[in-house]
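I opened this notebook to record what I looked up in the structure, going from the overall form to single contacts.

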Amino acid sequence: TEAERSRLAAHASTLQWEEKKALESRLASEREARQRLSAQHKQLQARMASEIGDLRRLLAQGVEERQAAEERLMSEKRDVEGRMMSENKELEGRLLSEKSEVE
């Protein structure tokens, strides 16, 4: 009957409207989730860039510290070698002096 057709059409229209609203709601949720992920991704990229910069600075600082330590060791080595040569000459001088006294 016409009344039934009209009622079925109204019901179908209501179902279509509900489906459309449900799809719109799901799309909005997915859009928000994508935006959150995009923001998190940007934050991660910024943090990684910052940490990479920190690591580069630490590496450069470590290289500088190693070079400074090497320079200190070389300076100490030269000092020790100089003292050893001086002491050796002094000992040689004493030995020669003692030898000449004995002769």
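Predicted model: local features only at pLDDT ≥ 70, side-chain atom pairs only at ≥ 80, totals over all residues.

Residues are numbered from 1 along each chain as its sequence is written, and side-chain values use heavy atoms, with hydrogens and water left out.

Entry on overall form. I looked up the secondary structure and found one helix and zero strands in the protein chain. I then took the box filled by the C-alpha atoms along the principal axes, which is roughly 150 × 15 × 5 Å.

Entry on surface. I use buried for under 20% relative accessible area, exposed for over 50%, and partly exposed for in between (1.4 Å probe, protein chains only). By these cut-offs, buried residues make up 1% of the 103 residues in the protein chain. The accessible surface (Shrake-Rupley method, 1.4 Å probe) comes to about 9,800 Å², and carbon and sulfur atoms account for 55% of that.

Entry on G62. I placed G62 in helix α1, which covers residues 2-102, and I noted that G62 is partly exposed at a relative accessible area of 31%. I also checked the C-alpha atoms of G62 and E32, which are 30 residues apart along the chain and are separated by 44 Å.

Entry on charges. Counting Lys and Arg as positive and Asp and Glu as negative, with His and the chain ends not counted, and placing each charge at NZ of Lys, CZ of Arg, CG of Asp or CD of Glu, I looked up 20 positive and 22 negative charges, whose mean positions are 12 Å apart.

Entry on salt bridges. I count a salt bridge where a side-chain nitrogen of Lys or Arg is within 4 Å of a carboxyl oxygen of Asp or Glu, and the count comes to six.

How far apart are the closest N and O atoms of R57 and D54? In this salt bridge they are 2.3 Å apart. Because R57 and D54 are three residues apart in helix α1, about one helical turn separates them. R57 counts as exposed at 53% relative accessibility, whereas D54, at 35%, counts as partly exposed.

I looked next at E70 and R66, whose closest N and O atoms are 3.2 Å apart in a salt bridge; both residues lie in helix α1, four residues apart, about one turn of the helix. E70 is partly exposed at 40% relative accessibility, and R66 is partly exposed with a relative accessible area of 46%.

Lastly I noted the salt bridge of E90 with R94, where the closest N and O atoms are 3.0 Å apart; this pair, too, lies in helix α1, four residues apart, or about one turn. Here E90 is partly exposed at 47% relative accessibility, and R94 is partly exposed with a relative accessible area of 45%.

Terms used. Helix = DSSP H or I, 4+ residues; strand = E, 2+ residues; numbered from the N terminus.
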